[in-house]
Every structure is written in C-alpha cells, then in structure tokens.
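Have the sequence and the 3D view open as you read, and take the points in order.

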Amino acid sequence: MDHAATHDAHAAGHAHEDFHPHVTPVWIYVATWVALMVLTAITYYASTLDLGLANLAIALIIATTKATIVALFFMHLKWDLRFHAIIFSFSLIFLGIFIAFTMYDTETRGRNDPVQADRPLNVANPYGGGSRQKELLEMKYASDPKKAEHGEKIEVRTVPPPAEPPR
C-alpha cells in the first residue's frame, strides 16, 4: 500500500459528523443583504418618529432581527449543528446576564456609601454641588444663629455651563 492510500484510509477513519461542507447559493447572500438594507431603512425611519418608549422597543426589535439574520446566514448557523446554535444562544444569554448585573450595579451604587450617593443638585451643572454640599451648608448656617436671623439663604455655588462650540 502506498503512502497516499494509507493517508486516505487514515483520514476516513477520522471523519466527524461536525464536518459537513455547506455552499450557500449567491441568491441567499443577496436576499440577506437586501433584508439588512430594508431593516436599516426602517431603523432610520423609526428614529425620525417620536413614539416615546416605543422607539426603544422598535429599535431593539429591529436590531435583534438584523443580528439574527447575520447569525443565521452569514455565520451559517442555519445549516450548522444545533449544538453550535445552542452554544451561541447561551453566549447571548450570559451577555444579557452580565449587562443586567452591570446595570443593577450602576443604578444602586451609593446606597451604602454617602460619598458615592452624592449626586449633583442640577444634572445640567454637575460641578455645582451635590446634596452633601447642601447639607454641609445647612449645618454651617444652623451653627451660626446670626446668619439665620438675618434670613441669609443657603445657596449652592454653581459653575456656568461650558460655551457652545462655534459652528
């Protein structure tokens, strides 16, 4: 038996079910591209509408549809083993879990730490002082009855917003 025949016999013994070549017809790629372009146009049109929170829902639905089309046709998950689709799905689920934990962390940050909990009094002027600065001023004026008698107001120093850049 020559070397080529031995190699072919050896390779045939290692054939796996995972390997099954798939050639996608060009019309599927063209249809996929057209679908993505149509969804992109719909996304643009939806962004011009003012539907409140429905805008976010519409954008997420369109983005999910586009991502699904890309995964199914460009990544060939439609013709691949179901195991690979399951692994891909679990990666998306874990991504969602990690994003949810991150959002929970950012929304609840500062509940136990008063320094982190100090938010600006005016969001448009973040350097104008927070609630902690106001409390300190109130304590300062409470300890000085003369200022309280004269009716001095507690004012938090504000920083003017930056100037608009020239157009």
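This is a predicted model: local features need pLDDT of at least 70, side-chain atom pairs count only at pLDDT 80 or more; totals for chains, interfaces and linings use all residues.

1. Now the overall plan. The protein has seven helices and zero strands, so reading along the sequence gives the pattern α-α-α-α-α-α-α. Of its 167 residues, 11% are buried. Among contacts between residues at least 6 apart in sequence, 45% link residues at least 24 apart.

2. Let's look at α2 and α3 one at a time. Helix α2 has 23 residues and spans 34 Å from its first C-alpha to its last, close to the 33 Å expected at 1.5 Å a residue. Helix α3, with 22 residues, reaches 31 Å, close to an expected 32 Å.

3. How do these two helices pack? Helix α2 (residues 26–48) and helix α3 (residues 53–74) meet at an angle of about 170°, and their axes are 10 Å apart. Because an angle over 145 degrees counts as roughly antiparallel, α2 is roughly antiparallel to α3.

4. Which residues in α2 and α3 meet? On the α2 side you will find I28, Y29, T32, A35, L36, L39, T40, I42, T43 and A46. Their partners in α3 are N55, I58, I62, T65, K66, I69, V70, F73 and F74. Sorted by class, this contact has 13 nonpolar, five polar and one charged residues.

5. Burial can be followed on both helices. In α2, the buried residues are I28, T32, L36, L39 and A46, and they pack against α3.

6. Finally, have a look at T24, in the loop between α1 (3–13) and α2. Is T24 buried or exposed? Its relative accessibility is 10%, so T24 counts as buried. The side chain of T24 makes a polar contact with the side chain of H76, at 3.3 Å. Leaving aside residues up to four places away in sequence, T24 touches Y29, H76 and W79.

Definitions and conventions: Residues are numbered from 1 along each chain as its sequence is written. Side-chain values use heavy atoms; hydrogens and water are left out. Axes are lines fitted to C-alpha atoms, for helices over the stretch in contact, and angles run from 0 to 180 degrees between N-to-C directions. Helices (H or I, at least four residues) and strands (E, at least two) are DSSP runs, numbered from the N terminus. Angles under 35 degrees count as roughly parallel, over 145 as roughly antiparallel, 65 to 115 as roughly perpendicular and the rest as oblique. Contact means heavy atoms within 4.5 Å. Ala, Val, Leu, Ile, Met, Phe, Trp, Tyr, Cys and Pro count as nonpolar, Asp, Glu, Lys and Arg as charged, and the others, Gly among them, as polar. Buried means under 20% relative accessible area, exposed over 50%, partly exposed in between (1.4 Å probe, protein chains only). A polar contact is a pair of N or O atoms within 3.5 Å; within protein, one must be able to donate a hydrogen and the other to accept it, and residues adjacent in sequence count only if both atoms are side-chain atoms. The expected span of a helix is 1.5 Å times one less than its number of residues.
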